[in-house]
Amino acid sequence: MHISWHELLFVHWPLPPEVLASVVPASLPVDTFDGHAWLGIVPFRMTNVGPRSVPTLPWLSAFPELNVRTYVTVGGKPGVFFFSLDAARALAVIGARIAFHLPYFHARMSLRRADGWIDYATQRVRRDRKAATFVGRYRPTGATFESGEGSLESFLTNRYCLYAVDLRGRVFRSEIDHAPWALQPAELSIEANTMTRWLGLYLPTSPPLLHYSERQDVVVWLPERVV
C-alpha cells in the first residue's frame with residue numbers, strides 16, 4: 001500500500017523496560033536506548049491511502065490517525081509495535097484489522113491548522129475500559145534535520161517494519177519503506193491524554209521528547225508470519 005503522512009508529531013516518554021515488557025507480548029523483546037524503553041504517542045493526518053497503482057478515493061483515503069507505540073526487535077530486525085491505532089474512518093479500521101492484524105479503533109477525530117499551530121483531538125468511539133481521548137495543539141519550532149546514525153532520534157523514528165500479534169499468538173511483520181525522516185523540534189500543549197490508561201500505563205510528569213515532520217511518503221507491504 002502507499003500512504004502519505006502529514007503534520008506528524010512524535011511524542012515520546014522514557015519508561016523502565018520492565019514496565020513496557022509487562023504489556024507487550026512475550027514473543028516481542030522490547031528495545032532500549034541507554035537503558036530506557038520508550039513509549040510514543042503519534043498524531044498525524046493520512047492521505048493517498050490505498051493499494052499501489054490503484055487510484056485513491058478522496059473521502060476513504062484521507063483521515064486523521066493517532067497511534068500509541070513502542071519498539072521491539074524480532075530475529076535481529078528492529079521495528080514498531082502498536083498498542084493501538086485510532087482512525088477516523090470505520091472502513092479503514094475494519095480493513096486494517098483484517099489485513100494487518102493491527103489493533104485499530106474507530107474514533108471521532110479532528111485536525112485543524114491555525115496561526116502556525118495544529119489543533120488535534122480524538123475520542124475513541126466506545127465507552128468501555130478501552131475508551132481513550134487525546135486533545136492538544138502542537139507546532140514545529142526550528143529547522144529541519146535528519147537524525148544521525150546511532151542517535152536517539154534515529155532509534156525512535158528509523159524503523160522499517162511493524163510487528164503485530166494475532167489472536168492465536170502468531171507474530172507478523174510488515175515491511176515499510178520511506179525516505180529518511182525530515183525532523184524538526186516542536187512544542188506541544190496537552191489538554192487531555194488518556195491514550196495509555198486502558199493499558200495500565202501512567203506516563204512520567206516530565207516533558208516528553210518531541211519531533212515534528214511535515215510529510216512522509218510511505219510504502220507498506222502486507223504482513224508475513226515470522227513466529
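Visitor: Which exposed residues does the face of helix 2 turned away from its buried side carry?

Guide: In this predicted model, that face of helix 2 carries Leu91 and Ile98, and the word exposed is used for a relative accessible area over 50%.

Visitor: What makes the buried residues of helix 2 a side of the helix?

Guide: The buried residues in helix 2 are Val93, Ala96 and Phe100. They cover an arc of only 80° around the axis, and therefore they lie on the same side of helix 2. In an α-helix there are 3.6 residues a turn, so residues three or four places apart point the same way.

Visitor: What covers the buried residues of helix 2?

Guide: Their cover includes strand 4 (77-87), strand 5 (104-114), strand 8 (161-165), strand 9 (171-178) and strand 11 (209-220).

Visitor: Why is Ile94 called partly exposed?

Guide: Ile94, which has its place in helix 2 (residues 90-100), has a relative accessible area of 48%. Because buried means under 20%, exposed means over 50% and partly exposed is what falls in between, Ile94 is called partly exposed. Together with Leu91 and Ile98, Ile94 makes a nonpolar surface patch of about 330 Å².

Visitor: How do you know that Arg197 is exposed?

Guide: Arg197, found in the loop between strand 10 (186-193) and strand 11, has a relative accessible area of 52%. The cut-off for exposed is over 50%, and so Arg197 counts as exposed. The C-alpha atom of Arg197 is separated by 8.8 Å from that of Ala131, although these residues are 66 residues apart along the chain.

Definitions and conventions. Residues numbered from 1 in each chain as written. Predicted model: local features only at pLDDT ≥ 70, side-chain atom pairs only at ≥ 80, totals over all residues. Heavy atoms only, no water. Patch = residues over 30% accessible without salt bridge, like charges linked within 9 Å, V, L, I, M, F, W, Y side chains within 5 Å. Areas by Shrake-Rupley, 256 points an atom, 1.4 Å probe, with all protein chains shown as cover. Salt bridge = Lys/Arg side-chain N within 4 Å of Asp/Glu carboxyl O. Helix = DSSP H or I, 4+ residues; strand = E, 2+ residues; numbered from the N terminus. Buried < 20%, exposed > 50% of the residue type's maximum accessible area, 1.4 Å probe, protein only. Arc of directions from axis to C-beta. Contact = heavy atoms within 4.5 Å.
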